[in-house]
Amino acid sequence: MRDHQPVVIDEFNGLYNRGDDDSVPADHFTDCNNVAFDQSSFKWRPALVPYLPFANIVRVYTFIKSTSQSLICLDNAGNFWDTDYPATPFLTVTGATDFAFQGFATRCYISPSNGNTGINGEFTYVYLGDGTAARKAAGDKPTDADGLLAAANSGSAGNVEAGIHIFAAVYETDTGFLTAIGPVTLPALTAPGGKAVNLTVIPISPNSYVTNVHIIATKAINPSFYTGNTTGYQFFFVPGAIVTNGTTTLTVSFFDIELLEDATYLLDMFEEIPAFNGLSTYHNRLIGWAEDENPIVIRVSVAGEPEAFNQVDGLLIFPTNALPVTNAKEFRDVLYGFNITQTAAWTDNGDAPSSWPNQFIDQGLGASPHTVATVLDSNGINANAILVGNLSGIFMFNGSYQLPELTWKIRDTWLAISSANFYKNQLVNDSINKKIYMVLDTGLVLFADYNNGLDFKSIRWTPWSFDVFITSICIHDQKQITFASNGLI
Amino acid sequence: MANIFLEDFDESQAAFDALWTPQTPPGKTLTPGGVVLSGNWNSCSGEVSYREFTSTPTINVNFVGCVKIAAGNGSEYIYIACPSITGGSPSFMVYVVNFTSAGRILFRMNNVLSAIQSSAGVVPTTGASFGLQVILERLSNFVVTYDFVVDNSSVWSGTFDWTAFAATITSTSDFYRVYLLSTYSGFTNTFGMDNLSVEDTLDYVDVEGVSYLSLVNGCSGAAANPVTVIRGSGLYTLDPTVRHDKLYRDTTTPTLIDHVKFPDPFATTSLIGDE
């Protein structure tokens, strides 16, 4: 037409939903669905195609094994599946509608939850990834019924120093967990000095996953000052005093100076770890949060011992006591804890977790159980920043929240997400292909492409919808995306 | 010596049967996730499989339990608990059977030492899984006859007296429960076996004629909660080369696929022109 100035649109930068349609830039969509982006253009989204025939899945995680990867899934009947072993679930917890997952070494820890807290009366389980049934993590300590440990001075020469020595036993499980100290009745032996000690009736664990029994002992106690409280003294692992479960006798000989490895911390270990709503790691420790009875507590294991949770000092308490802890992640040597609207940080000072200093990072922005974006298949976090989704949007977080949020352009779309069901949403970051997937409680997916840049202007958003209800998502084998569905919408 | 299935117990056989929770179908058939005893049994009820009945202390209890064990399994345990309840805190006698990788059977009572063990190789260490029956006849609190049967052949039997360890065992009472457990724990924290065959005779059960699951998982493991497959459910991946979605019709028949169009793909722009 004469005098008509054509408007050229040579870029398509996704959905813009912030205020009136009049405010939508020409290179954005006022509305869109099921598109994807290719350089400056757009196209159909990728198709959903069958991957594995596991029915009614409500949550899926990637499990990295020693030589392969599998998926750990929960269906809507409380059955937990390893996709490597499709015939039989490795765990069934009736009432589980969600679960926490954390791989550690070649095994993984699983905690059934209801999406907000761990299930009341349930526990954290360990699964070895070999198709055998999962079992409760940690383990029972020696009991008097297992064997009333007895100690007697040997007639043979030895190094046990004169004084009172208290002896006890600790079980070791097939995952390396050391139980609390037992049995209840501990022998206190008055050693004359220069003799060995014969131990008999070493407790035998009835649990098949117990492999060894460790003998621990106190250094010599002056009889004049002995209180009679057999658990009131410091215990040490006796060097070399390890027997296989089922062996009931052992002769030990040690100088006090050889007792170097403290075992007293085992006195207060959980024998059964409560179920959490979330699991992660920090400084080679397993951490879990939002147990049903203590939703503002983050439990922290002993370093290098993922099942060793001290009931007394292995915990962090969120600075405010109002809302359950929803997430926790390690980033640049700091442990960040989140509730739905707040973020706090703790730093490992090398002492018991209960002594770690904490500070508030933000008292207006937090996260949900599944909205701290994982990176690829590591179930870990990006080295430069992490993505955190909350009621206000998706933010870059590098120790503080970067403004504006990445969802700035689709503010109205974001605010329309149900806040009551926000805990069901899941955020995943594919940093190789530079894509973000946000699974919503409605079964839809919010998709973003950030090949043009990870900032609020360059990122390109679009909703995706399907004929099936998407419940969960994971990335495995570096770049394969897997969506879980529990059926037709 | 009494046989709980042929003797009058609890006033009558019908009364005995009535105390079991019914499970269909009736009959002496082992089924995954549960077994039946004369038409009345429910395994994994409240996480344990048990039968409570009254008896006088002089009436003995005997039963047969069948399991299938993977050969060479040195870490599988069977716990057969005969607790007594005195109206207060329960205490119990637990017979523990386990195996070594050398094919020995270890047999204990209340875990008091590995009291007796068979010679090596009485149970297979390689090859296919084997069927094991444990036939116990408890003659008194501390005396039991035992007979271990592997694939229909008795491999180890005898009588053992644990009286020397009586200090750890409580006396009998009026009530007994017979449990078969997959894990050893306190009385209220036990998991029942998936499969139990309790016969009305002491003859050997033909293990080839029954089906059963591994003991390993117990109630909370191998017997999955039933799932009604919902159409469209499954695990999916993305394929950028395909222009329509492919959905499972039924994951039990994964080759049946529905091909559906993308729901409503579109993009709308808003152009503001001169008036």
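I started with the A–B contacts: 66 residues of chain A touch 55 residues of chain B, where contact means heavy atoms within 4.5 Å. This is a predicted model, so local features need pLDDT of at least 70 and side-chain atom pairs pLDDT 80 or more, while totals for chains, interfaces and linings use all residues. Residues are numbered from 1 along each chain as its sequence is written, chains are lettered from A in the order written, and side-chain values use heavy atoms, leaving out hydrogens and water.

Next I looked up the buried area, meaning the accessible area (1.4 Å probe) that two parts lose on being put together, summed over both. For chains A and B I got about 5,000 Å², with 60% from carbon and sulfur atoms.

How many salt bridges cross between chain A and chain B? I found 1, counting a side-chain nitrogen of Lys or Arg within 4 Å of a carboxyl oxygen of Asp or Glu. B:Asp245 pairs with A:Arg45, closest N and O atoms 2.7 Å apart. I also noted A:Arg45 over the face of B:Phe262, 4.2 Å from the ring centre; the rule wants CZ of Arg (or NZ of Lys) within 6 Å of the ring centre and within 35 degrees of the ring normal.

Ring centres of Phe, Tyr or Trp (its six-membered ring) must lie within 6.5 Å; planes under 30 degrees apart are stacked, over 60 edge-to-face, the rest tilted. I checked A:Phe276 and A:Phe309: they're tilted, 6.1 Å centre to centre with 45° between planes. Both are buried, i.e. under 20% relative accessible area (1.4 Å probe, protein chains only).

Methods. Buried < 20%, exposed > 50% of the residue type's maximum accessible area, 1.4 Å probe, protein only.
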